[in-house]
Amino acid sequence: MIKIRNQLDSDADTVKSIVAAATNELRSIYRPTNTNIQNKTEKPINIVATIKENVVGLAEFLICENTVLVRGLAISPIHRRQGVARAILEHVMLIAQKE
């Protein structure tokens, strides 16, 4: 069962590992520039998906007026095609509807 919760400070190493694994293929064609990184001035909402208490995916998003901006979504490669991204995005939509 996939559960969604807010990201904790203790998730940092796992989140970093998942992002690295999820974006490894893209790094040959895209690398964020300092300008892209510096433009992240808003405070995002960070959530993680867990299976049996293990973090398997994450999302970073902003809610601005009537818009949700998903700035990042990463799923552990071994947990892809199991509904993790869908569960995360459905949770993001629920949060946005409450705002």
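The model is predicted, so to speak for local features a pLDDT of at least 70 is needed, side-chain atom pairs count only at pLDDT 80 or more, and totals for chains, interfaces and linings use all residues. Residues are numbered from 1 along each chain as its sequence is written, and side-chain values use heavy atoms, with hydrogens and water left out.

Start with the sheet. It is an open one, built from 4 strands in the order β1-β2-β3-β4 with antiparallel pairing. Its edges are β1 (2-6) and β4 (67-75), each of which pairs on one side only. From one strand to the next, the twist averages 25°. Strands here are DSSP runs of E with at least two residues, helices are runs of H or I with at least four, and both are numbered from the N terminus; two strands pair if DSSP finds at least two bridges between them. Between β2 (residues 45-51) and β3 (residues 54-64), 7 bridges are found, and one pairs Ile45 with Phe61 in β3.

Now the helices. Helix α1 (residues 12-23) lies across β2, β3 and β4, at about 85° to β3. Such angles run from 0 to 180 degrees between N-to-C directions, with axes fitted to C-alpha atoms, for helices over the stretch in contact; contact means heavy atoms within 4.5 Å.

Helix α3 (residues 84-98) has 15 residues, and at 1.5 Å a residue it should span 21 Å, which agrees with the 22 Å between its end C-alpha atoms. The expected span is 1.5 Å times one less than the number of residues. Buried in α3 are Val84, Ala87, Ile88, Val92 and Ile95. These cover an arc of only 140° around the axis, so they sit on the same side of α3; the arc is taken from the directions from helix axis to C-beta atoms. The buried residues of α3 pack against β1, β2, β3 and β4, while the face turned away carries the exposed Arg86 and Gln97. Buried means under 20% relative accessible area, exposed over 50%, and partly exposed in between (1.4 Å probe, protein chains only).

Finally, there are 2 salt bridges, each a side-chain nitrogen of Lys or Arg within 4 Å of a carboxyl oxygen of Asp or Glu. Asp11 and Arg5 meet at 2.7 Å, N to O; Asp11 is buried at 6%, and Arg5 is partly exposed at 26%. In the other, Arg71 and Glu60 have their closest N and O atoms 3.1 Å apart. This pair links β4 (Arg71) to β3 (Glu60), 11 residues apart.
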